[in-house]
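Please consult the sequence and the structure shown here while reading.

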Amino acid sequence: MASIGTGYDQSTSTFSPDGRIFQVEYAVKAVDTSGSTAIGVKCVDGVVLAVEKSLVSKMMVHNTHKRIFHLDEHIGMAVSGVQADARNVMNRGRGEATQYRSTYGDAIPGDVIATRLAGYMHLHTMYWWLRPFGTSVLIGSYDQDGPQLHDVDPSGLSYRHFAAAVGKAKTAAKSQLEKLPLSTLTCRQAVPELAKIMYSIHDDLKEKTFEIEISWVCEESGKKHTHIPADLLTSAVAAGKAAKEAEE
Amino acid sequence: MFAQPADDPRKNTLRPMVTGTSAIGIKYKGGVMVATDTIACYGNWIRYKDVQRIHAVSKDTLIAMNGEMSDYQKVLQILEQKRLAEYCVDDGSTQTSAELHSYLTRVMYQKRCKFDPLWNMLLVGGFRNGEAYLGYTDLYGTHFEDNFLATGLGMYMALPLMRNQWTPEMSEADARALLQMALKICYYRDTRASNKVQIARVDASGVHIDEPITLQGEWNHARFVEGGAKSGDGGW
Amino acid sequence: METMSRDVAAMSGYGASSAAAGPTMHQWSPYVMNSGTVMAICGKDFAVIAGDTRMSVGYQIQSRNVGKLLKVTDKAVLGTGGHCQADTLNLQKLLRARMVQYEHQNGKTPKTSAVAQLVSQMLYGRRFFPLLTKNIVAGLDEDGVGCVYTFDVVGCLERVRVACDGSAEELIQPVLDNLLERQHQQDKPKPPPLHVDLSREDVVNIVKDAFTSAGERDITTGDHVDIWVIDASGVHQEKFDLKYD
């Protein structure tokens with residue numbers, strides 16, 4: 001980063017001489033250094049989202065540090081990066097979903113909510129008095145057009161994906177996702193695969209204890225976004241651990 | 001007729017236009033059952049001949065309406081918004097019928113205080129943990145619970161019947177029979193009631209809204225046929 | 001009772017009917033009169049408050065079992081008669097919330113006089129869109145002596161020995177004036193300044209007689225009476241049956 005320290009990295013409202021917006025790049029960096037990874041896969045019958053979470057404290061009440069949220073009945077959002085920022089984006093997403101419903105009397109489509117949240121996050125890169133969000137999110141939805149998976153990053157970019165990863169180990173996760181049979185995969189099949197990826201990309205040296213959270217919105221869940229059943233999660237985690245041990 | 005004089009804020013309340021008539025409901029052993037007919041009238045004209053006036057608003061709560069149809073649709077929207085907000089909280093708890101009822105009365109009362117009432121009388125029925133719930137609220141925000149309730153003209157015709165015949169030990173079949181009789185009486189005497197009716201219930205297995213059925217009226221009673229002619233006043 | 005509904009409506013300017021010239025226009029009124037009666041009497045170390053449980057609209061009984069009393073603290077009960085039940089509920093819900101707030105902020109339960117003052121403030125807060133409620137607060141004061149406060153619809157507050165509000169007010173109040181205040185018995189001793197000089201049993205019996213009589217003449221008073229006695233050990237609740245007609 002050649003221009004660091006030259007004064008062009010202090011504000012989102014000023015480009016550097018070589019055409020970069022450093023604050024946005026720093027925000028992306030904040031996502032990657034925050035420690036968690038979120039991955040998502042669009043399957044033939046729905047979308048599966050997964051996040052890894054380090055256990056902050058042994059005394060913390062189990063299951064109270066959620067990283068996958070409902071935006072509406074048919075939309076889930078998995079987040080990585082600065083949690084407080086992610087909560088802000090989540091609230092905006094819920095507001096957009098409610099507002100769309102009251103205006104059009106129908107559930108907000110996945111691409112619309114992704115576009116609106118991208119616009120919201122982009123807005124935070126345009127004014128000197130705002131700080132970009134230090135969070136990248138994955139949005140899994142199921143509407144009339146079927147299942148969709150989108151990502152939104154701090155710059156306000158949003159793409160639709162067959163499979164996506166955001167956060168610390170996104171590169172390693174993506175290379176593993178590419179190996180999955182994405183055009184034929186079902187949600188049931190995808191769940192243990194995502195668990196395996198989570199275990200393989202986890203950096204054991206840095207922190208030993210972590211847990212994974214998996215949700216889906218698919219035909220099996222009645223096209224509603226829910227966390228996967230407890231027994232399915234247990235067997236997926238077991239598969240992930242077994243794969244990790246076999247690898248070692 | 002629709003124009004509101006801008007200088008008089010007191011006249012911003014419209015009269016009800018398209019209306020549904022009585023809704024009735026009773027508790028029985030193991031559940032709660034409500035019933036309405038399926039028409040909506042514009043004045044004396046049957047504007048809609050097949051409308052649903054009972055809806056599930058959560059997995060164990062339903063509401064039945066009387067009054068303005070458009071206001072009722074607004075009520076459903078408000079409750080749906082509430083339900084989705086609760087779903088997003090995702091803490092495993094869902095609102096009880098009593099809580100939904102209380103919320104609904106606050107909505108109705110607030111609207112009345114703005115002189116813009118939701119022109120409805122509503123029944124809230126629910127069943128959870130072995131307890132049946134049946135509540136009433138209306139365009140003023142009035143709010144109470146009872147073992148049997150009726151709205152609109154049903155208050156005059158169905159309520160006395162239910163006061164005579166209701167017992168806490170009623171079975172589902174007894175409840176259905178009583179509601180059908182009450183609906184039939186309403187159909188005989190309420191000009192804006194229909195014999196195409198819909199019955200719904202909430203029990204331990206959740207909300208069940210039956211398909212509409214058609215009640216058979218008995219129009220050949222001797223008093224029906226002769227009464228008017230004999231007494232000369234057309235009444236019976 | 002209907003007069004009162006009209007008076008309140010007129011006071012707020014939101015009347016159901018208007019005497020203005022020209023064709024009568026159907027004007028929606030936010031008030032509906034659900035009627036009913038409450039009364040309260042306080043003694044040396046107790047207070048009795050009672051309210052019937054009939055809820056009516058016009059000639060229609062909507063329910064036979066809707067109470068009019070609210071336990072506000074262990075030493076204070078609010079009774080609301082001659083009311084628009086929606087307004088009563090609003091008042092009760094807000095009052096309950098204010099009680100919790102008071103306890104959180106002050107670390108103690110409010111005195112009955114404070115409850116009465118708060119009710120007065122809440123009623124006056126709606127001075128220009130009054131709550132159609134006739135309220136009585138009964139309980140024990142800080143010395144353990146029975147107390148009764150009455151209010152008008154916009155919160156004018158007065159401490160009295162006996163009170164009656166609602167649809168049978170005109171039937172019951174004169175009898176209370178005679179039996180308890182002895183206003184018409186020149187040779188009998190006047191009651192003490194703060195309370196009546198009758199026993200708890202006598203007072204409860206007078207309440208029962210009053211409601212039985214009112215139920216015979218007032219169509220909107222009937223079904224059951226909640227009779228609550230407040231003393232140092234708390235609020236004791238009793239139900240007394242009236243006729244269903």
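**Helix packing in chain C**

The axes of helix H4 (residues 169-179) of chain C and helix H5 (residues 200-217) of chain C come within 9 Å and cross at roughly 150 degrees. Axes are lines fitted to C-alpha atoms, for helices over the stretch in contact, with angles from 0 to 180 degrees between N-to-C directions. The model is predicted: local features need pLDDT of at least 70 and side-chain atom pairs pLDDT 80 or more, while totals for chains, interfaces and linings use all residues. Residues are numbered from 1 along each chain as its sequence is written, and chains are lettered from A in the order in which they are written.

- H4(C) and H5(C) are therefore roughly antiparallel (angles over 145 degrees).
- The contact (heavy atoms within 4.5 Å) involves Leu171(C), Ile172(C), Leu176(C) and Leu179(C) of H4(C), together with Ile206(C), Ala210(C), Ala214(C) and Arg217(C) of H5(C).
- These contact residues comprise 7 nonpolar, no polar and 1 charged.

**Secondary structure**

- Chain C contains 5 helices and 12 strands, as DSSP runs (helices H or I, at least four residues; strands E, at least two).
- Chain B contains 5 helices and 14 strands.

**Burial**

- Of the 245 residues in chain C, 57% are buried (under 20% relative accessible area, 1.4 Å probe, protein chains only).
- Of the 236 residues in chain B, 52% are buried.

How values were computed. Side-chain values use heavy atoms; hydrogens and water are left out. Angles under 35 degrees count as roughly parallel, over 145 as roughly antiparallel, 65 to 115 as roughly perpendicular and the rest as oblique. Ala, Val, Leu, Ile, Met, Phe, Trp, Tyr, Cys and Pro count as nonpolar, Asp, Glu, Lys and Arg as charged, and the others, Gly among them, as polar. Buried means under 20% relative accessible area, exposed over 50%, partly exposed in between (1.4 Å probe, protein chains only).
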